[in-house]
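Here are my comments on the model, as numbered points. Please read them with the structure open.

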Amino acid sequence: MADIRFDGKVAIVTGAGGGLGRQHALELARRGAKVVVNDLGGSVDGSGGSSEAAQKVVEEIKAFGGEAIAHGASVTDDAGVANMVQTAMDTWGRIDILIANAGILRDRTLTKMELADFEAVMQVHVWGTFKPIKAVWDIMKAQNYGRIVVTTSSSGMYGNFGQSNYGAAKMAVLGLMNTLKLEGAKNDVKINAISPVAATRMTEGLMPPEVLAKLAPEYVTPGVVYLCSDEAPTGAILTAGAGAFALSRIYETEGVYLGEGGLSAEEVRDSWGQITAEDGQKAYFNGGEQGQKFFRKMAGG
C-alpha cells in the first residue's frame, strides 16, 4: 500500500514544543503537512510561559524542508485559540488536522489536593481540548474533511493513585469524542483518541532510565499519524507505548431483566452474578447501540 502522506494538508498540534507533541509535529511535517506548532511553553504544572520551545520545533521542521509556524497561545484562552486558527487560515487557507496534545500535571491525593489543582488540570485537558476543536469544527465540516486526535490516558480509563484531577479530565475527553464521532460523520470529520505511555517531562522520575528509554515518544507517534490519515477509523481509543499498540473499548454485559413491579435492591444483589456475566458482552461503541438494543429487547421491541 502507498505511504501515508499529508501533502497539501494543514495540521495544528497543541503542546508541540516538546515530548509527544513535538514528535507528532515533526512526523506530520516529514510527510508533507504544513504545521502550526502550538505551545505555551509553561512548566509541567502549567505555570510560566515562553515561545522558545515552539520556535525550536519550527526551526527543526524548516531544516528538513518542511513548512511550519509557531504559535504560543494557551489552549484555555478563547482569544488565543481563535487567533491561532485564524493565523492558520490566513497562512494556508484550510485546517485538516488537529491534535489536542497539550497537558499539565498537578498530582496529589484527594486529601492534599486543592480546588485550584483540580480546576487547573480540567481547564487545560478538557477546555483546552474542547476550545481548539470548537474553533476548527465548522471549518472542517465546510471542507467535508477533518481529522481530530484527542489525548486520553489509562489514568482515566483505569485509575491511578494521586491523579483524580487528571483521570477525570482524561475520561471527559472520551465523552466529547463519543458524541463528536456521530456529529462529524456525514462531513467526513473523524475523531479518535490516543492513550500514550511515553517518556516526557510529565513522566520523568516516575520510572528507571532504562524503562524510559523504551518509552520514547517516537514509539507512539506512528499510531497518531495513522489516526490523522484518510484511512483513519472514528471513535477509536488507541493505546500506544514502547512500540506496542492496542484498542481500548468500553464493554457492556448482556444483562438481566428483573421486571418492574416490586423491584428491590435485594434482587439486584442476588442477580449480581448474571448482571456481571461476561458471556454475550459486546463493545459499547455505536452511539450506545448495545444498550439501546438491550432495553428494546427487554421492552419486547
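1. A definition is needed before the ring contacts are discussed. Rings of Phe, Tyr and Trp, the last taken by its six-membered ring, count as a pair if their centres lie within 6.5 Å. Planes over 60 degrees apart make the pair edge-to-face, and those under 30 degrees make it stacked. By this rule the count comes to one aromatic pair. Bear in mind throughout that this is a predicted model.

2. The pair consists of Trp 127 and Phe 130, with 5.9 Å from centre to centre. Their planes stand at 85 degrees to each other, so the pair is edge-to-face, the cut-off being over 60 degrees. Both residues belong to helix α4 and are three residues apart, about one turn of the helix.

3. The crossing of the two helices is right-handed.

4. Which residues make the contact between α3 and α4? From α3 come Asp 78, Val 81, Val 85 and Met 89. They meet Lys 131, Pro 132, Ala 135, Val 136 and Ile 139 of α4. By class, seven of the contact residues are nonpolar, two are charged and none is polar.

5. A charge over a ring also deserves a look. Lys 9 lies over the face of Tyr 145, at 5.1 Å from the ring centre.

6. Thr 14 sits in the loop that joins β1 (10-13) to α1 (19-30). Leaving aside residues up to four places away in sequence, Thr 14 touches Asn 38, Val 75, Leu 98, Ile 99, Ala 100, Asn 101 and Ala 102.

7. Some totals for the whole protein follow. There are eleven helices and ten strands. Of the 301 residues, 43% are buried. Among contacts between residues at least 6 apart in sequence, 70% join residues at least 24 apart.

Note on methods: Residues are numbered from 1 along each chain as its sequence is written. This is a predicted model: local features need pLDDT of at least 70, side-chain atom pairs count only at pLDDT 80 or more; totals for chains, interfaces and linings use all residues. Side-chain values use heavy atoms; hydrogens and water are left out. Helices (H or I, at least four residues) and strands (E, at least two) are DSSP runs, numbered from the N terminus. Contact means heavy atoms within 4.5 Å. A crossing is left-handed if the near helix is turned anticlockwise from the far one by less than a right angle, and right-handed if clockwise. Ala, Val, Leu, Ile, Met, Phe, Trp, Tyr, Cys and Pro count as nonpolar, Asp, Glu, Lys and Arg as charged, and the others, Gly among them, as polar. A charge sits over a ring if NZ of Lys or CZ of Arg is within 6 Å of the ring centre and within 35 degrees of the ring normal. Buried means under 20% relative accessible area, exposed over 50%, partly exposed in between (1.4 Å probe, protein chains only).
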